[in-house]
Amino acid sequence: RDRNIVAELRRVTKRFGDVLAADHLDLQIREGEFLSFLGPSGCGKTTALRMLAGFEVPTEGDVLLDGEIVNRLEAHRRPVNMVFQHYALFPHLTVAQNIGYGLKQVRPRLPRSEIAEKVSKALELVRLPGFENRRIWEMSGGQQQRVALARAIINEPKMLLLDEPLAALDRKLRKEMQIELQNIQRSLGITFILVTHDQEEALSMSDRICIMRDGRIVQVGSPQDLYDRPMNRYVADFVGTSNFFDGRVTSVSGDLAEVTLDAGLTLSGRPIDKVSAGQAVSISVRPEQVHLTRTGGGEGQLPVTVHNRIFLGEHTEYLVIHETLGEFLVLAPRQSELNEGPFNTGDVLQASWDAGAALVLD
Ligand code: ADP
Ligand code: MG
């Protein structure tokens, strides 16, 4: 077996009565990677995590840790810890007591001095050095989150599972903790699995993202893979921003497919998966792939009117309207804009993109 695989789901299904919470999940988790489960609420992210942690037994299929099937192995016997959204600290205990608690349960004979040493190391790692004797109720939400993290890493798990750990924090603190979580993961070198419904969070933190929908895994890949080669419209929509134009494939030749849009126009694009004539598809064009110019009007150029403009510093985002395609977004780099001056609301421009940059998606 592959030594770099620390955990694996093999055709794992979980039912709760009539609800299919996990539907034939197949996933290999690599040693030392930062992996995210990304998907909307109810798609089965927590269920997948809980089966890895040992809080749920799969209805069908196998969960493996280090190459061994562990379907029924209790959570506390697995080299895995989990941090919950509501981190469930004991408010009346001190920080040190909270962090040491789990350690005492798994290693009851560990001398006090060693526990104290491990607690102090864990606190340094989460950047709360010297906070041993504080009470939980005296601490801010962000500090409490760090204590929960320290508690989860103190017994040196091989894998840390984090179920929307930052959801309760405000935006600024969440950003800080995202960076901190990455730093902690790198310094520990262990596998982190993060559950989130926040695409930006998944994109900025993960080595790989596992996109889920309705209990299924839709696609697994690096942020860049998913951005450049989304399997379908769902992924393209979840990872980054895209413009979608719906239609049917009229012909396929070489790398390109021709699509007649519901709006009447015909556009070409590059299919990611196999498509055939007559198939209903979406053409996906990323806003940064659209070029705007004042002049032109040749083949492949679409006359549009600028409806709205948002200055973003290096880029400007335009919302433009085409007579039959409707509204779509354009992200123009400052440099390209400087050649022709900034475009204003009401300007009539020509929009275009390379046919190869447009993706034809299921
Ligand atoms: P997510 O974490 O992506 O929001 P969950 O894994 O919590 O999704 O839930 C997936 C589906 O399984 C949902 O429809 C949810 O209502 C259902 N579910 C989860 N846990 C239970 C349970 N213990 N009993 C019954 N249904 C559950
Ligand atoms: Mg959940």
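Reply: Gladly! Two strands pair if DSSP finds at least two bridges between them. This is a predicted model, and in it strand S7 (residues 159–163) and strand S8 are joined in the parallel sense over five bridges.

Me: Why is S8 (residues 191–196) called largely enclosed?

Reply: A residue is buried if 20 or more other C-beta atoms lie within 10 Å of its own. Six of the six residues of S8 are buried, so the strand is largely enclosed by the rest of the structure. Thr191, Ile193 and Val195 point one way, Phe192, Leu194 and Thr196 point the other way, and all are buried. In general, side chains of a regular strand alternate between the two faces of the sheet.

Me: And Asp18, why is that residue called exposed?

Reply: Here the count falls at the other end. Exposed means 12 or fewer C-beta neighbours, and Asp18 has 5 other C-beta atoms within 10 Å, so it is exposed. You will find Asp18 in the loop between S1 and S2. Its C-alpha atom is separated by 42 Å from that of Ser251, 233 residues apart along the chain.

Me: Why do His24 and Arg127 count as partly exposed?

Reply: Both counts lie between the limits of 12 and 20. His24, in strand S2, has 15 C-beta neighbours inside 10 Å and therefore counts as partly exposed. Arg127, in the loop between H3 and H4, has 13 other C-beta atoms within 10 Å, so it is partly exposed as well. Look at their backbones too: phi of His24 is near 55°, a positive value in a residue other than glycine, and Arg127 has a positive phi of about 60° although it is not a glycine.

Me: What makes S2 (19–30) and S5 (68–69) edge strands?

Reply: Start with the order. An open sheet of four strands runs S2-S1-S4-S5, with antiparallel pairing. S2 and S5 are its edge strands, since each pairs on one side only. Inside the sheet, strand S1 (residues 5–16) and strand S4 (residues 60–65) pair in the antiparallel sense over five bridges, and Thr13 stands opposite Glu60 in S4.

Me: How do you know that helix H2 (residues 95–106) is covered by other helices?

Reply: Its buried residues are Val95, Ala96, Asn98, Ile99 and Gly100. What covers them includes helix H3 (112–125) and helix H4 (141–153). H2 and H3 pack at an angle of about 115°, with their axes 10 Å apart. In that packing, Ala96, Ile99, Gly100 and Leu103 in H2 meet Ile115, Lys118, Val119 and Ala122 in H3. By class, this contact has six nonpolar, one polar and one charged residues. H2 and H4 pack at an angle of about 35°, with their axes 7 Å apart. Val95, Asn98, Ile99, Tyr101 and Gly102 of H2 make that contact with Val147, Ala150 and Arg151 of H4. The classes there are five nonpolar, two polar and one charged.

Me: Last one: what is the overall picture of the protein, in helices and strands?

Reply: The protein has nine helices and 20 strands. Of its 362 residues, 35% count as buried. The C-alpha trace spans about 80 × 45 × 35 Å along its principal axes.

Methods. Residues are numbered from 1 along each chain as its sequence is written. Chains are lettered from A and ligands numbered from 1 in the order in which they are written. This is a predicted model: local features need pLDDT of at least 70, side-chain atom pairs count only at pLDDT 80 or more; totals for chains, interfaces and linings use all residues. Helices (H or I, at least four residues) and strands (E, at least two) are DSSP runs, numbered from the N terminus. Two residues are in contact if their C-beta atoms, placed from the backbone, lie within 7 Å. Axes are lines fitted to C-alpha atoms, for helices over the stretch in contact, and angles run from 0 to 180 degrees between N-to-C directions. Ala, Val, Leu, Ile, Met, Phe, Trp, Tyr, Cys and Pro count as nonpolar, Asp, Glu, Lys and Arg as charged, and the others, Gly among them, as polar.
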